[in-house]
Amino acid sequence: MREIAYEDIVKAVKNMVIHTATNLPEDALKKLKEAHEKEKSPVAKKVLEQLLENAEIAREEKRPLCQDTGLAVYFVKIGQDVKITGGLLKDAINEGTEQGYVEGYLRASTCDCFTRENLKDKIGYNLPAVIHIDLVEGDTIEIEYAAKGGGSENVSRARVLAPAQGREGVIDFVKSVISEAGPNPCPPIIVGVGIGGTFEKAAISSKFALFREAGKPHPDPEVAEFEKELLYELNKLGIGAMGMGGTETVLAVHVEKNPCHIASLPVSVNVQCHSSRHSHVTL
């Protein structure tokens, strides 16, 4: 049994939060550069230049990539041979999140659903974090983090289709979600699609899909081909960078496919803006 100290988890999470707010990860930066090279519209090309410049300024001056510094979302794999000493894993992640947002001078965005009162003085600064935990083999803890902004989350959708709608029904639904979203999620975007499972499984899968390296194909060749088809169809919509019209609306489509009940076909679309702020640490 390997022991990992509570404080080590807090420190790792805090550092992730601060670093990710100001440093666009290499995979997202690479896809933005590719989009800039391929873009046919002069206006959209100029917008992409500005997005790349913004990323450079944020990194050099240690300033947030966006004023919306997001809600903290984590996917955590904890090895069954790990023992955390000094506290609970969930508490360590929340404490590290709060420290990161406070010390990084990042915006506290959590509020009461109805009163809209900011909860920083009641629950904690930008707390609670959204944490998904999976118990796996091994003696390490893997923490994947993303800062999820409101603009991209607001256009995300989930629906349970009739089984007969099948593959084409999924394509139509994804296209309708992105078309309706238009410029609101600050394109070019990354699109996560969760298919199958149950209503909540599809939704979580679509969020988890956004944590994959941008543009990395699914290991299943059939799913990878489906991702390419969706990418092609979505870029045909012509929304373009920041909704200015253009050929590069979507940087990548990531699909997660699960078995489902014979009577249902759940589908979820989770959208991430061009500022795909995510990082990973293994303890």
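Contact means heavy atoms within 4.5 Å. Axes are lines fitted to C-alpha atoms, for helices over the stretch in contact, and angles run from 0 to 180 degrees between N-to-C directions. Helices (H or I, at least four residues) and strands (E, at least two) are DSSP runs, numbered from the N terminus.

The model is predicted: local features need pLDDT of at least 70, side-chain atom pairs count only at pLDDT 80 or more, and totals for chains, interfaces and linings use all residues. Residues are numbered from 1 along each chain as its sequence is written, and side-chain values use heavy atoms, without hydrogens and water.

**Exercise 1.** Determine the strand order of the open sheet and its edge strands.

Step 1. Two strands pair if DSSP finds at least two bridges between them. The four strands of this open sheet follow the order 4-2-5-10, with mixed pairing.

Step 2. Strand 4 (130-136) and strand 10 (278-282) each pair on one side only, which makes them the edges.

Step 3. Strand 2 (residues 71-79) is parallel to strand 4, over seven bridges; Tyr 74 stands opposite Ile 131 in strand 4.

**Exercise 2.** State at what angle helix 4 runs to strand 2.

Step 1. Helix 4 (residues 89-103) lies across strand 2, strand 4 and strand 5 (141-148).

Step 2. Its angle to strand 2 is about 145 degrees.
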